[in-house]
Amino acid sequence: GGQQVFYAMHHIFLTKSGIYILVFDMREFIEPSKRNEAVRFLLFWLRSVKMHAPTSSIVLTGTFLSDVGGRENLTVIDNVLRELFKSSFSKIVPNIDEGLIYFPIDNKEGLGIDKLRCIVEEKARDDDSVFENVSVRWMALLDSVYSERNNNSYLTLSDDIQNLGLKVGIE
């Protein structure tokens, strides 16, 4: 979904509340020939979240920790990110334990995943929107969609979802 072909549609999936985890490849930030493109990509998504969800927390997550090397490279990446953002993106959640503005992880080795999970859970508990009431009809619709998805690999919004909504009283 991060490919440029999807840029025109991404705003459909951004809501005013929530936690956004923006994932980037740290290897691209330490390789000078790829850094400008990586910065442009990350700034695009940061600006999009800021525009469509200005009060939402943003957790920057760098991948390929095992490939990046030691603390020196993590600091280089951190300096690049801090210079980029300065005070423009106040909703970025800092990695206080490591003194970084982002959370380095490695999916293959499982490094940093627990820390990332903990910070996301903490931010979710702090988000007042998780305590908002949701209509029972909407919950019934969600259950119907999940149930129907087991029978159908593809559901259309215009027909399938609309019909499921009518069955639970949503017009």
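Visitor: What makes β1 and strand β2 (residues 57–63) a pair?

Guide: Seven bridges join β1 to β2, and the two run parallel. Strands pair if DSSP finds at least two bridges between them, so seven are enough. Within this pairing, L22 stands opposite L60 of β2. A word on the model: it is predicted, so local features need pLDDT of at least 70 and side-chain atom pairs 80 or more, while totals for chains, interfaces and linings use all residues. Residues are numbered from 1 along each chain as its sequence is written, and side-chain values use heavy atoms, without hydrogens or water.

Visitor: Why are β1 (19–25) and β3 (103–104) called edge strands?

Guide: The open sheet has the order β1-β2-β3, with parallel pairing. Both β1 and β3 have a single partner strand, so one side of each lacks a neighbour in the sheet. β3 spans 103–104, and a strand is a DSSP run (E) of at least two residues, so β3 counts.

Visitor: How many helices does the chain have?

Guide: Seven, along with three strands; a helix is a run of H or I with at least four residues. Helix α2 (residues 32–52) lies across β1 and β2.

Visitor: What makes T156 a cap of helix α7 (residues 157–167)?

Guide: One of its side-chain oxygens lies 3.3 Å from the backbone nitrogen of D159, at the N-terminal end of α7. A polar contact needs N or O atoms within 3.5 Å, so 3.3 Å falls inside the limit.

Conventions. Contact means heavy atoms within 4.5 Å. Axes are lines fitted to C-alpha atoms, for helices over the stretch in contact, and angles run from 0 to 180 degrees between N-to-C directions. A polar contact is a pair of N or O atoms within 3.5 Å; within protein, one must be able to donate a hydrogen and the other to accept it, and residues adjacent in sequence count only if both atoms are side-chain atoms.
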